[in-house]
Amino acid sequence: MDNRYSFVGGDRGTWRVAEIRAIVGDGLAAVDRVDVVNQAVAEVPPNSRWVLQSFTSNIRYAKRDEITQLRAVQPSLNRSEAAIAVLIPIKKNAQWWAMAQDERRAIFEEQSHHTATGLEYLPQVARQLHHCRDLGEPFDFLTWFEFAPEHTQAFNELLMRMRDTKEWNYVECEVEVWLHRALERSL
Ligand code: HEM
């Protein structure tokens, strides 16, 4: 299936690890590179320390007008100027998952303004949401962001604003993996 992805932490790949920060809960083992592979990698390859698996999927919460607004401004991944990427795996708690879809949407958008806030940082930040809860993975989501180095401060401000919302009361694990695009593909 072409919507399957694996993020392999090891010694190869396009992205060189600048820093791994555990924000809530455990972090991830230190590695030199992250390889983003468009397929399911079932086992940790030699010289690698972890694999996070995911899939891209349909929209869950966004309403028509939000989708229209996002499509009007969201940039694509892999822009040549986007030399920085941040992989942020996130796990939400049992209380979040016990709620109904409409209750989660109310916290996500009406009370936390996730999309409205995020839209302020487009088109500078390109993003891709990956799901993994249904794969039995340690995280529920792998969120991926790309931007040019001059937008690093704005991205950090976005992270602070997101973490100050009611939605983030339900986040029980969160890790930041800061990446720089490597000039050569692998070591
Ligand atoms: C860059 C600006 C951002 C925009 C425009 C944005 C937009 C969105 C939208 C529209 C969704 C809902 C997708 C759906 O309806 O299925 C979503 C989900 C999500 N976003 Fe963001 N986002 C941004 C930044 C962030 C950041 C910085 C983080 C993490 C620190 C993040 C974490 C998530 C997570 C975990 C979900 C899934 C939530 C859930 O299903 O419970 N987003 N985002």
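By class, how many nonpolar, polar and charged residues does the shell around the ligand have? The shell has 15 nonpolar, four polar and three charged residues, where Ala, Val, Leu, Ile, Met, Phe, Trp, Tyr, Cys and Pro count as nonpolar, Asp, Glu, Lys and Arg as charged, and the others, Gly among them, as polar. The model is predicted, with local features requiring pLDDT of at least 70 and side-chain atom pairs counting only at pLDDT 80 or more, while totals for chains, interfaces and linings use all residues. Residues are numbered from 1 along each chain as its sequence is written.

**Figure 1. Overall fold of the chain.** The chain has five helices and eight strands, with helices (H or I, at least four residues) and strands (E, at least two) taken as DSSP runs and numbered from the N terminus. Along the sequence these elements follow the pattern β-β-β-β-α-β-α-α-α-β-β-α-β. The radius of gyration of the chain is 16 Å, close to the 16 Å that the globule rule gives for 187 residues, so the chain is as compact as a globular protein of that length; the radius is taken over C-alpha atoms, and the rule is 2.2 Å times the number of residues to the power 0.38. Taken along the principal axes, the box filled by the C-alpha atoms is roughly 45 × 35 × 30 Å. Among contacts in the chain with a separation of 6 or more, residues 24 or more positions apart account for 76%, two residues being in contact if their C-beta atoms, placed from the backbone, lie within 7 Å.

**Figure 2. The largest nonpolar core.** This core holds 26 residues, of which V34, A85, L87, V177 and L179 touch the most other members; a nonpolar core is a set of buried Ala, Val, Leu, Ile, Met, Phe, Trp, Tyr and Cys residues joined through C-beta atoms within 7 Å. Two or more core residues come from each of β1 (4–10), β2 (15–24), β5 (84–92), β7 (141–147) and β8 (171–181), and β5 gives the most, with five residues. Leaving aside residues up to four places away in sequence, V34 touches F7, V8, G9, G13, W15, V17, L87, V177 and L179.

**Figure 3. The shell around the ligand.** The ligand is surrounded by 22 residues, the closest being R60, Y61, A62, G118 and F141, where a residue is near a molecule if its C-beta atom, placed from the backbone, lies within 6 Å of it. The elements that give two or more residues to this shell are β5, α4 (114–119), β6 (126–131), β7 and α5 (152–163), and α4 gives the most, with four residues.

Figure 4. Most residues other than glycine have a negative phi, and most peptide bonds are trans. L122 and P123 are joined by a cis peptide bond with omega of about 10°, and P123 lies in the loop between α4 and β6. N78, in the loop between α1 (64–73) and β5, has a positive phi of about 70° although it is not a glycine. N78 counts as exposed, with 11 C-beta neighbours inside 10 Å; a residue is buried if 20 or more other C-beta atoms lie within 10 Å of its own, exposed if 12 or fewer, and partly exposed in between, with C-beta atoms placed from the backbone. H113, in the loop between α3 (101–111) and α4, has a positive phi of about 55° although it is not a glycine, and H113 is partly exposed, with 17 other C-beta atoms within 10 Å.
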